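User: Hey, I'm new to this one and could use a quick tour. Can you walk me through it?

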Amino acid sequence: MCQLLGMNANTPTDVMFSFTGLATRADEHKDGFGIAFFEDRGVRLFVDHHSARESPVAELVKHYPIKSGNVIAHIRKATQGRVALENTHPFMRELWGRYWVFAHNGDLKGFRPRLHGAFRPVGETDSEHAFSWLMQELAKAHAAVPTLDELTRTLAELLPPSAAEGTVNLLLSDGQALWAHGSQRVHWL
């Protein structure tokens with residue numbers, strides 16, 4: 001399965017050391033990597049469909065002290081969708097005038113709910129389809145930006161149905177908060 005790294009800090013911090021450690025795990029997880037740094041209302045998103053061990057983009061991130069309050073990183077071991085840039089996590093979308101970033105570790109073989117809103121996958125992964133569905137459902141549930149507590153409750157209601165379809169370990173952020181959901185209790189410190 002893929003590897004995830006999330007950071008939420010009260011003071012903008014760099015993740016050079018942590019990302020360097022994550023990238024060393026890219027032997028088996030060689031199908032791409034990505035990392036997103038929230039800075040104020042903006043996001044620096046770096047993705048590459050090459051291994052984090054070999055990518056010049058990964059080398060840049062390892063040596064570039066970008067300070068952020070919320071970071072999501074992902075190294076990919078492909079289970080659905082070919083190895084390609086458009087299938088590389090994290091994925092980013094806009095909702096309520098904010099950028100949202102999502103990365104998923106798992107395999108959702110039977111989860112293909114109907115998408116009818118403005119959120120559509122660009123690539124072929126189950127992960128991006130799930131993210132598109134999640135953004136669609138958040139937009140339907142709230143006409144404008146909800147409070148953090150309301151948003152957390154809505155996410156808690158939305159995530160269990162997809163977990164029934166397979167493994168759902170994910171990180172989600174809008175730059176204000178970082179949500180982590182795990183259908184498995186797998187972690188490494």
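Predicted model: local features only at pLDDT ≥ 70, side-chain atom pairs only at ≥ 80, totals over all residues.

User: Which residues of H2 are buried?

Analyst: In H2, which spans residues 56–63, the buried ones are Ala 58, Val 61 and Lys 62. Looking down the axis of H2, they fall within an arc of 100°, so they line one face of the helix.

User: And which exposed residues are on the face turned away from the buried side of H2?

Analyst: Pro 56 and His 63 are the exposed residues there.

User: OK, switching to sheets. What is the strand order in the open sheet of four strands?

Analyst: The order is E1-E4-E2-E3, and the pairing is antiparallel. At the edges sit E1 (3–13) and E3, each pairing on one side only. From one strand to the next, the twist averages 10°.

User: How many bridges join E2 to E3?

Analyst: Seven, and the two strands run antiparallel. As an example of who faces whom, Phe 38 stands opposite Val 43 in E3. E2 and E3 also form a hairpin with two residues between them.

User: What's the phi of Asp 40 in that turn?

Analyst: Asp 40 has a positive phi of about 50°.

User: How many bridges are there between E2 and E4?

Analyst: Five, again in the antiparallel sense. In that pairing, Phe 33 stands opposite Ile 75 in E4.

User: Let's talk rings. How many aromatic pairs are there?

Analyst: The count comes to six. One of them joins Phe 19 and Phe 33, with 5.7 Å centre to centre and 45° between the planes, which makes a tilted pair. Phe 19 belongs to helix H1 (residues 16–23) and Phe 33 to strand E2 (residues 33–39), so this pair links parts of the chain 14 residues apart.

User: Are those two buried or exposed?

Analyst: Buried: Phe 19 has a relative accessible area of 0%, and Phe 33 is at 0% as well.

User: What about Trp 100 and Trp 179, how are their rings arranged?

Analyst: Their centres are 5.9 Å apart and the planes are at 15°, so the pair is stacked. Trp 100 lies in strand E6 and Trp 179 in strand E8 (residues 178–182), so the pair ties together parts that are 79 residues apart in sequence. Both Trp 100 and Trp 179 are buried.

User: How do E5 and E6 pair?

Analyst: They run antiparallel, joined by five bridges. Across that pairing, Arg 93 stands opposite Trp 100 in E6.

User: And what about E6 and E7?

Analyst: Five bridges join E6 to E7, and those strands run antiparallel too. Here Asn 105 stands opposite Asn 169 in E7.

User: Is E6 mostly covered or mostly open?

Analyst: Mostly covered, with six of its eight residues buried.

User: What's in the largest nonpolar core?

Analyst: That core has 24 residues, and the ones with the most contacts inside it are Trp 100, Leu 134, Met 135, Leu 138 and Leu 172. At least two residues each come from E5 (91–95), E6 (98–105), H3 (126–141), H4 (148–163) and E7 (169–173). H3 gives the largest share, six residues.

User: Trp 100 again! What does Trp 100 touch?

Analyst: Leaving aside neighbours within four places in sequence, the contacts of Trp 100 include Phe 91, Phe 131, Met 135, Leu 138, Leu 151, Leu 172 and Trp 179. Arg 93, Ser 173 and Asp 174 are also among them.

User: How many residues are in the second, separate core?

Analyst: It has 16 residues, including Met 7, Val 15, Ala 23 and Val 61.

Methods
Residues numbered from 1 in each chain as written. Heavy atoms only, no water. Core = buried A, V, L, I, M, F, W, Y, C linked by side-chain atoms within 4.5 Å. Buried < 20%, exposed > 50% of the residue type's maximum accessible area, 1.4 Å probe, protein only. Contact = heavy atoms within 4.5 Å. Phe/Tyr/Trp six-rings, centres within 6.5 Å; stacked < 30°, edge-to-face > 60°. Pairing = 2+ DSSP bridges. Axes fitted to C-alpha atoms, helices over the stretch in contact; angles between N-to-C directions. Arc of directions from axis to C-beta.
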